[in-house]
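Dear colleague,

Please find below the structure that I am handing over to you.

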Amino acid sequence: MRVAMIGTGYVGLVSGACFADFGHVVTCIDKDASKIARLEAGEMPIYEPGLDDLVETNVRDGRLFFTVDGAEAIRNADAVFIAVGTPTRRGGGHADLSYVHAAAEEIAGLIEGFTVIVTKSTVPVGTGDEVEAIIRKANPDADFAVVSNPEFLREGAAIGDFKRPDRVVIGIDDVDGATGTRAKAVMSELYRPLNLNESPLLFTARRTSELIKYAANAFLAMKITFINEMADLCEAVGADVQQVARGIGLDNRIGSKFLHAGPGYGGSCFPKDTLALVQMAREAGAPVRLVETTVEVNDARKRSMVERVRKAVGGDLKGKTIGVLGLTFKPNTDDMRDSPALDLVPALTAAGATVQAFDPEGMHEAGKLLSELTFCEGPYEALAGAHAAVIVTEWDQFRALDLDRIKLTMAKPVMVDLRNVYRPDEMRARGFRYSSIGRS
Ligand code: UGA
């Protein structure tokens, strides 16, 4: 099949490379000429494990192309994916759909033969209807179907998630009608390589598919927020949140995943999508109060992390040096969007502390968003002379630090572990004043 992928952000680039690896011919399109030039030179604009190899192989084998001018690729495509950004619009939680609308306008004038237009960007319910109306208005004779196909990949594990998904949700209206049947055939063929044992494809109506994406992210955000509140309660009553998580997670109805307590969720998806869902639900007259509370609790949690550090250094941060390990919102990415570090680091410096930080992949991005901190070459440099070490992101390389070496160079052997990487008894035995999340 011939695929045109509009947008080479996280979702577009990973999906494009994976579809090419499935054997389809994919052209990734982006208005940003420098980004396309870098991609053509084999340079990845994002850090995602395995992506560079996947891109290189498929470019070499003639299945993956990059271009600024997508006209020809769109004309020839069986499926055109819209994978552009839908950031939060300023003032309120609405998703900004201007890039999606612009893509629809562009596609409209180029459709030749039956074409499936697929929204892969996370878009509010009803956006498929808008895309369809834009194209129909601009090109009344066009033969096309608009399909919703949300993406569930996680940064850092994106390629595995794409190739071994729990499910692929595909929203097609009137799926048994003449156009719907053809659209279903195109989508089934695109994802055919996934049909090993059982097909993971779930066909729904278009609006249902659009909502599934938001519902999934909101549920996961709520699950994390629930365990974070349990962690605070554990600290107050003398219980252990990891055992609580295990104890409830073994119940299949609850499940053990996404029950790691921490400094609050961040990233490019949960914060943006929960806000958009809240807005959408309010406007529809069916407010989602659990999600509204999740957003509030998580925001407050990220802001409160500085208090843990303050307490760990004896109540006053003024004049203290804090070594921060990890800045990205989670490991295996360079993404800093809505990372807990963006609340913590400025709060530390505002309170008079000096911050020395290290992150294996995120320092370039962090440098654009954070000032008044020193970026270090490695974890040991970040902790030299520090009155406290704070683990913000659970990168593998922070899991087996040489604790004796750290203790010798730190001003005080104090660790605030916001990801529960170490064990309290061990840390105490090694002579550290150690605090973590939800473990007394
Ligand atoms: C999330 C979803 O997991 C994906 O399924 C979805 O496709 C994606 O959003 C999206 O909408 O595009 P992602 O934001 O890459 O993926 O990262 P997650 O691994 O879900 O982590 C999100 C945040 O939750 C991180 O800050 C992480 O540290 C935090 N988290 C996650 C916890 O604090 N505890 C957990 O148990 C799990």
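I begin with the largest cavity, which is lined by Thr-119, Ser-121, Thr-122, Val-123, Ser-148, Pro-150, Ser-209, Glu-210, Lys-213 and Tyr-214. A cavity is found on a 1 Å grid over the protein atoms alone, as a set of points where a 1.4 Å probe fits but cannot get out, and a lining residue has an atom within 4 Å of a point. Please note that this is a predicted model, in which local features need pLDDT of at least 70 and side-chain atom pairs count only at pLDDT 80 or more, whereas totals for chains, interfaces and linings use all residues. Residues are numbered from 1 along each chain as its sequence is written, and side-chain values use heavy atoms, without hydrogens and water.

The largest cavity holds about 50 Å³ of space; a volume is the space filled by probe spheres set on the grid points, which are joined across faces, edges and corners. With four residues, α9 gives the most to its lining. Helices (H or I, at least four residues) and strands (E, at least two) are DSSP runs, numbered from the N terminus. The lining comprises three nonpolar, five polar and two charged residues. Here Ala, Val, Leu, Ile, Met, Phe, Trp, Tyr, Cys and Pro count as nonpolar, Asp, Glu, Lys and Arg as charged, and the others, Gly among them, as polar.

A backbone N or O atom of Gly-266 lies 2.9 Å from a ligand oxygen atom. In the side chain of Lys-330, an N or O atom is 2.9 Å from an oxygen atom of the ligand. For Arg-419, a polar side-chain atom lies 2.9 Å from a ligand oxygen atom. The ligand taken alone exposes 710 Å², of which the protein buries 92%; these accessible areas come from the Shrake-Rupley method with a 1.4 Å probe.

Yours sincerely

Notes. Polar contact = N/O pair within 3.5 Å; in protein donor to acceptor, adjacent residues only side chain to side chain. 1 Å grid on protein atoms, 1.4 Å probe; cavity = no way out; pocket = protein on both sides within 12 Å on 5 of 7 lines; lining within 4 Å.
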